[in-house]
Amino acid sequence: MSSAKSCLIGSPLPNVPWQDRPEGCNDVMWRYSGNPVIPRDLIPSSNSIFNSAVVPFEGEFRGVFRCDDKRREMQLHRGRSTDGIKWQIDDERLEFDCDDPEIGCFVYGYDPRVCWIEDRYYVTWCNGYHGPTIGIAWTNDFETFHQLENAYLPFNRNGVLFPRKIDGKFVMYSRPSDRGHTPFGDIFCSESPDMIHWGRHRHVMGTKGGWQSTKIGAGPIPIETTEGWLVIYHGVLTSCNGYVYHAGVAVADIDEPWKVKYRAAPDILNPRELYECVGDVPNIVFPCAALCDAPTGRIAVYYGAADTVTGLAFAYADELIEFAKEYSEL
C-alpha cells in the first residue's frame, strides 16, 4: 500500500480518475475495470483512437487524441471530459494556426503529448515533415492551437516536454529514429531557450535485455517528486511474431534529467488483456499521459492498447519509486 505522505510535487487533483487496487492484486500498476476507457469507434470518422494525451482543465479534462480515420490516415483530434472517463471527441481533425505555410502544411500527426508550462499548454506530436519529426504547438483554451517550428530534423519520435523549465531552459525527451518502423532507439534529452532552437543533446538511457531490448521511448510528461523525475516509458522486444510493447519506470535527477538514478528491470504493465493483445497492431501497451493528485500520490495513466483503443491504469507515485529503487538495474 502507498505510504501516508505523498512524494509528488504539484497541485491537488481531487477528481483524478481512480479505482482502488483489486483485492488480491500485487501489481504496482493495475487496470481500470471498465477498459477500454475510449473505444475505437467513439466518433463516426475513427478506425481507432489510441496513444493520446489528456490534462486537467478548469475543473474538467481536455485532451489531444490520435484518431486514425477510416482511410487509415493518422490524425489529431481534440476532446473534452468532465470526469476523465467519458469522453467527447470532435469528429473533425484539429486544425493548427501557423505563420509558415511550409511548416503548417499538415501531412500526418500521431502520438501527442500535452504539457502545461508556466502560462499555456504545449502539444508535441510526431509530425510529418519529410519524415517523422517533433511538432510543437500551444493553446490556452483548447480551441485555437498555434503551431511553432518543428523541434528537430527528421527522424524523431516521442517528444515529451518537462512541466517546468530547468535552469531557465525548456527541456524535452525524444527518441531519434528512422523513417519506418524503427528497429532501434534510445531516449535523449535536449534543451531550448525559446521552444524554437533545440540543442545541448544528452543521452538518457538505452535498451536493455528482455522487454526493452529493441528500443525504448518516453511516455507521459515526467512527474516531479521529492526523489527526482518519475519517468514512465515504453520498451519493446522483438518476438517471433513481431514487436511487443511494455511500460516501465525510472527516476531521473531533478536538476540533470539526463542522469538516471534508478531504473526498474521488470516492467510495470505488459499486454495481457484481450484489448491489448488483439487489434490493428497486437501486443501493445503504450503510455502517453498521466494525471496526478499530489496530496494522495495517485496517478492515472492513459495508454494505447493494440494501436486500437485507449486504456486506463492506476498507481501510487511512492510505490512506483520504491519499485524502481528495489529492482533498479542501470
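Predicted model: local features only at pLDDT ≥ 70, side-chain atom pairs only at ≥ 80, totals over all residues.
Strands E8 (residues 120–128) and E9 (132–139) pair in the antiparallel sense over eight bridges. Strands here are DSSP runs of at least two residues, helices (H or I) are runs of at least four, and both are numbered from the N terminus. Two strands pair if DSSP finds at least two bridges between them. Residues are numbered from 1 along each chain as its sequence is written, and side-chain values use heavy atoms, with hydrogens and water left out.

Now step to the other neighbour of E8. Strand E7 (residues 109–117) pairs with E8 in the antiparallel sense too, over seven bridges. Here Trp116 has Tyr121 of E8 as its bridge partner. The hairpin of E7 and E8 has two residues between the strands, and Glu118 in this hairpin takes a positive phi near 65°. E7 is mostly covered, with eight of its nine residues buried. Buried means under 20% relative accessible area, exposed means over 50%, and partly exposed is in between (1.4 Å probe, protein chains only).

The loops have some backbone geometry worth a look. Between E9 and E10 sits Phe142, a non-glycine residue with a positive phi near 60°. Phe142 is buried, at a relative accessible area of 3%. Compare that with Asp167, in the loop between E11 and strand E12 (170–176). Asp167 has a positive phi near 55°, again in a residue other than glycine, but at 73% relative accessibility Asp167 counts as exposed.

Cis peptide bonds turn up in loops as well. One joins Asn35 and Pro36, with omega about -5°, and Pro36 has its place in the loop between strand E1 (30–31) and strand E2 (46–57). Another joins Pro154 and Phe155, with omega about 15°. Phe155 lies in the loop between strand E10 (145–147) and strand E11 (156–161).

What about the cysteines? A search of the whole structure finds zero disulfides, a disulfide being a pair of cysteine sulfur atoms within 2.5 Å. Take Cys67: the closest cysteine sulfur is in Cys288, 13 Å away, so that is too far for a bond. Cys67 is buried, at 1% relative accessibility. For Cys98, the closest cysteine sulfur is in Cys105, and at 10 Å that is also too far for a bond. Cys98 counts as partly exposed, at 25% relative accessibility.

That leaves the pockets. On a 1 Å grid over the protein atoms alone, a pocket is an open set of points with protein on both sides within 12 Å along at least five of seven lines, whereas a cavity is a set of points where a 1.4 Å probe fits but cannot get out; lining residues have an atom within 4 Å of a point. Grid points are joined across faces, edges and corners, and a volume is the space filled by probe spheres set on the points.

The largest pocket holds about 760 Å³ of space. Its lining has 27 residues, and Ser11, Pro56, Trp116, Pro163 and Cys292 lie nearest its centre. The elements giving two or more residues to this lining are E2, E7, strand E16 (223–225) and strand E20 (285–293). E20 gives the most, with five residues. By class, the lining has 22 nonpolar, two polar and three charged residues. Ala, Val, Leu, Ile, Met, Phe, Trp, Tyr, Cys and Pro count as nonpolar, Asp, Glu, Lys and Arg as charged, and the others, Gly among them, as polar.

The second largest pocket has about 650 Å³ of space. It is lined by 29 residues, with Arg66, Tyr110, His181, Tyr245 and Asp307 nearest its centre. At least two lining residues each come from E2, strand E3 (60–69), E7, E11 and strand E18 (242–252). E2 supplies the largest share, three residues. The class counts here are eleven nonpolar, eight polar and ten charged.
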